[in-house]
Amino acid sequence: NYFCTKDQLKEIEDNEQVAINYCDENGKIEEQFNPNGSIKNIAGIFNKEKNVLGMMPHPERMIDGLISNNDGANLFASILK
C-alpha cells in the first residue's frame, strides 16, 4: 500500500502526481474500494517529471486468461487511447 507523510501527500497532490486511485467501476473513490489501506486510495503516482509511474496494482499479471484473467488489459488499452 502507498503511505507517506502529510507533507509528502500535499506535495504530490499539489504537483498532480497522483496517477491512479482505487475506485469502483464508476470511478467513485471511497475507502470501501481500497483493497490495501493506501492513503487516499492512491494506487499509483508519477515522479515530478511525470515520466515514471509507480503503482501497486499489477495489471501485467492479469492480461492472459491462462494465467488469471484479462482484467488488466483494460488499463493498458486505456493508456493507448
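**Figure 1. I45 and its bridge partner in the sheet.** The bridge partner of I45 in β3 is G54. Welcome to a predicted model, in which local features need pLDDT of at least 70, side-chain atom pairs count only at pLDDT 80 or more, and totals for chains, interfaces and linings use all residues. Residues are numbered from 1 along each chain as its sequence is written, and side-chain values use heavy atoms, with hydrogens and water left out. Strand β2 covers residues 42–46 and is joined to β3 by 3 bridges, the two running antiparallel. Strands here are DSSP runs (E, at least two residues), as are helices (H or I, at least four), numbered from the N terminus.

**Figure 2. The open sheet of 3 strands.** Step back from that pair and the order reads β1-β2-β3, with antiparallel pairing. The edges belong to β1 (18–21) and β3 (53–55), each of which pairs on one side only. On average, neighbouring strands of this sheet are turned by 20° against each other, with direction ignored. For such angles, axes are lines fitted to C-alpha atoms (for helices, over the stretch in contact), and values run from 0 to 180 degrees between N-to-C directions. Two strands count as paired if DSSP finds at least two bridges between them.

**Figure 3. The salt bridge of E11 and K48.** In this view, the closest N and O atoms of E11 and K48 are 2.8 Å apart. The pair links distant parts of the chain: E11 sits in helix α1 (residues 6–14) and K48 in the loop between β2 and β3, 37 residues apart. E11 is partly exposed at 35% relative accessibility, while K48 is exposed at 54%. As a guide to these words, buried means under 20% relative accessible area, exposed over 50%, and partly exposed in between (1.4 Å probe, protein chains only). A salt bridge is a side-chain nitrogen of Lys or Arg within 4 Å of a carboxyl oxygen of Asp or Glu. The whole structure holds 4 of them.

**Figure 4. Salt bridges of K40 with E13 and of E30 with K28.** K40 and E13 meet through their side chains at 2.9 Å, N to O. E13 is partly exposed, at a relative accessible area of 34%. For E30 and K28, the closest N and O atoms lie 3.2 Å apart. Both partners are partly exposed: E30 has 30% relative accessibility and K28 has a relative accessible area of 45%.

**Figure 5. A nonpolar surface patch of I63, F76 and I79.** Together these residues have about 290 Å² of accessible area. I79 belongs to helix α2 (residues 73–80) and is exposed, with a relative accessible area of 57%. Patches are made of residues with over 30% relative accessible area and no salt bridge; like charges are joined within 9 Å, nonpolar side chains (Val, Leu, Ile, Met, Phe, Trp, Tyr) within 5 Å.

**Figure 6. The cysteines C4 and C23.** A disulfide is a pair of cysteine sulfur atoms within 2.5 Å, and the structure holds 0 disulfides. C4 is buried, with a relative accessible area of 17%, whereas C23 is partly exposed at 37%.

Definitions and conventions: Accessible areas come from the Shrake-Rupley method with a 1.4 Å probe; for residues, only the protein chains shown count as cover.
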